[in-house]
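I opened my notebook to look up the ligand sites in this model. The entries follow in the order I made them.

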Amino acid sequence: MTDKRTGGRILIDNLVAQGCDRIFTVPGESFLAALDALHDTPEIDLVVCRQEGGVAYMAEADGKLTGRPGVAFVTRGPGACNAAVGLHVAFQDSTPMLLLVGDVARGDRDREGFQEVDFFAMFGPLAKRVERIEDARRIPEYVARAWATALAGRPGPVVLVLPEDMLKDEVVTEDRPPVPRFAQAADPLAVGAMMELLANAASPVAIVGGAGWCQGASHYFRSFAERVGLPVAAAFRRQDAIPNDSPVYAGNLGYGPNPRLVERIRNADLIIAVGARLGEATTDGYTLITPDHPGQTLVHVHPDPDELGRVYRTDLPICADMREFAELCANWEDEVIHFDAGAQAHGEWLEWSTPKPREGVALDLGPCVAAMRERLPASTIVCNGAGNFSGWWHRYWHYGPCPAQLAPTNGSMGYGVPAAVAAALRFPERQVVALAGDGDFMMNGQELATAIRHRARLLVLVVDNGAYGTIRMHQERDYPRRISGTDLANPDFAALARAYGAWAETVDRTEEFAPALDRALAQDGVRLLHLRTDIEHITNSTTITKLCGG
Ligand SMILES: Cc1ncc(C[n+]2csc(CCOP(=O)(O)OP(=O)(O)O)c2C)c(N)n1
Ligand SMILES: [Mg+2]
């Protein structure tokens, strides 16, 4: 390119070159030149949000949905501070993401000027890489590196800091082509060794989902596991890793897993972890599988060599792209022994995930999830933040082919609504459901305005128990009947949703739920059901009275 362009124009041109088609933002005066370039860039859909927490969550969710970096653009100190929460999700969830931050002018740096922050120090532990572009001629190089880094090995977030005067400079530079996607093949010798371990195992189990997992990995791993009869458990909040109707799907790990599955994993002599980090939630605080797992053989398959052997003694590490590994397994030609364990584990999960009505509960969420299963297709994308309310869906919802679940493995509240907005924009033809607690909803509920403005179609369920229920649960266990800091005074969520322009109703009884859901599904746009539940029924399996010892 021989014409002069502003740094802002070059930045946007190079994002388009890498395949970016959507940016989430709250604007700032620090990146006017980039906003100006977006004015003439029909390739990029600019989604204007109401708080940078929502911006970053949406970009992170978009990264999960597409497998490409989701892009967020925020301003200097205040915008960057608000956005940090989404970066933390992207880091712990291994999601490719790019955070662009407008910065103070180069000539004013280090005076602690207006909104100035040391982004290298601030984002160091939250991002795979933090870089600042000093020279507009090098924007193409920095954007290409950010894109490649976000996707490489264990995917994650990258931050690019953009001094405002640099974005206004007019320079001549050459754009970069898209960075090629590099997929590391699995070593056939290592996969052969895994097949041998499997042939000699008595009770194998797989734990799947995580870094670099994708539809291809899901398809091939499912086909391999079904051929072998290998029980496949999903890592925490990776419940769409294989479609749950697979006859070897064994259920999910994380908070409140099926005790039969826990037992199966404790008794397993061979554990094949694919994509999962075997993090704290998946392993119940590193107790379900201990870092040294005596008596158990661990095959760990991960796209990043840094994760192999990092926490766990690994008997057979395989560093590979998830799809490449799964495809090699699916096409493995040697005879394999078929286990009955896959079918058994699936039967146990079906039993566990079938809601049984609870006595004396006015609004019982288990049957509500059952009503949803009857009415919503397997392609539905279910999004949630953090809180006990999510436990009913984690247990009773049957997730379809990925992407069907957007849920933060780092347990970050306020994620459900922004993630659902990102999903509704990415898949306008699909049903999208946001699940939120009363605490959770209020962290980013204002993004309903973003949903309305961008004509997103989604259904929000707010489970209102008048409390930060999860913390109340821990409190009642450790300090019975000493409620401190966990009860909430709430708005009328249905009225609030209507004020945003959504359709909304309130549900107080189980039998009201299905008809209300039918009415919601007959509507278009944003719909919200305000579900008023009783805090006594604190999880899908226990009550506060029981927690306090009866
Ligand atoms: C951003 C953030 N802040 C605080 C917490 C700690 N936390 C975890 S769950 C929870 C309460 C959630 O309340 P609510 O959304 O009402 O769900 P409930 O547990 O009542 O079903 C809190 C405060 C967190 N995980 N994330
Ligand atoms: Mg609550």
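Which element gives the most to the shell around ligand 1? I looked this up before anything else, in what is a predicted model. I found that α16 gives the most, with four residues.

**Entry: the shell around ligand 1**

I listed the residues around ligand 1 and got 17, of which G411, D438, D440, G469 and T470 come nearest. I then sorted the shell by class and noted seven nonpolar, eight polar and two charged residues.

**Entry: polar contacts of ligand 1**

G411 has a backbone N or O atom 2.8 Å from a nitrogen atom of the ligand. For M413, I noted a polar backbone atom 3.3 Å from a nitrogen atom of ligand 1. Two elements give two or more residues to the shell, namely α16 (438–444) and α18 (469–478).

**Entry: the magnesium ion**

Which residues coordinate the magnesium ion (ligand 2)? I found D438 through OD, N465 through OD1 and A467 through O, at 2.1 to 2.2 Å. I wrote the spacing of these donor residues in sequence as D-x26-N-x1-A. D438 sits in helix α16 and A467 in the loop between β18 (458–464) and α18, so I noted a pair that links distant parts of the chain, 29 residues apart.

Are D438 and A467 buried or exposed? The cut-off for buried is under 20% relative accessible area. D438 has 2%, so I put D438 down as buried. A467 has 5% relative accessibility, so A467 counts as buried too.

**Entry: N444**

I went back to helix α16, where N444 is found. N444 is at 5% relative accessibility and therefore counts as buried. What does N444 touch, leaving out residues up to four places away in sequence? I listed G53, G54, Y57, G414, V417 and P418. I also looked up the C-alpha to C-alpha distance from N444 to Q475: the two are 25 Å apart in space and 31 residues apart in sequence.

**Entry: recap**

Key: Residues are numbered from 1 along each chain as its sequence is written. Chains are lettered from A and ligands numbered from 1 in the order in which they are written. This is a predicted model: local features need pLDDT of at least 70, side-chain atom pairs count only at pLDDT 80 or more; totals for chains, interfaces and linings use all residues. Side-chain values use heavy atoms; hydrogens and water are left out. A residue is near a molecule or strand if one of its heavy atoms lies within 4 Å of it. A polar contact is a pair of N or O atoms within 3.5 Å; within protein, one must be able to donate a hydrogen and the other to accept it, and residues adjacent in sequence count only if both atoms are side-chain atoms. Ala, Val, Leu, Ile, Met, Phe, Trp, Tyr, Cys and Pro count as nonpolar, Asp, Glu, Lys and Arg as charged, and the others, Gly among them, as polar. Buried means under 20% relative accessible area, exposed over 50%, partly exposed in between (1.4 Å probe, protein chains only). Contact means heavy atoms within 4.5 Å. Donors are N, O and S atoms within 2.8 Å of the metal (3.2 Å for Na, K and Ca); water is not among the atoms, so sites may look incomplete.
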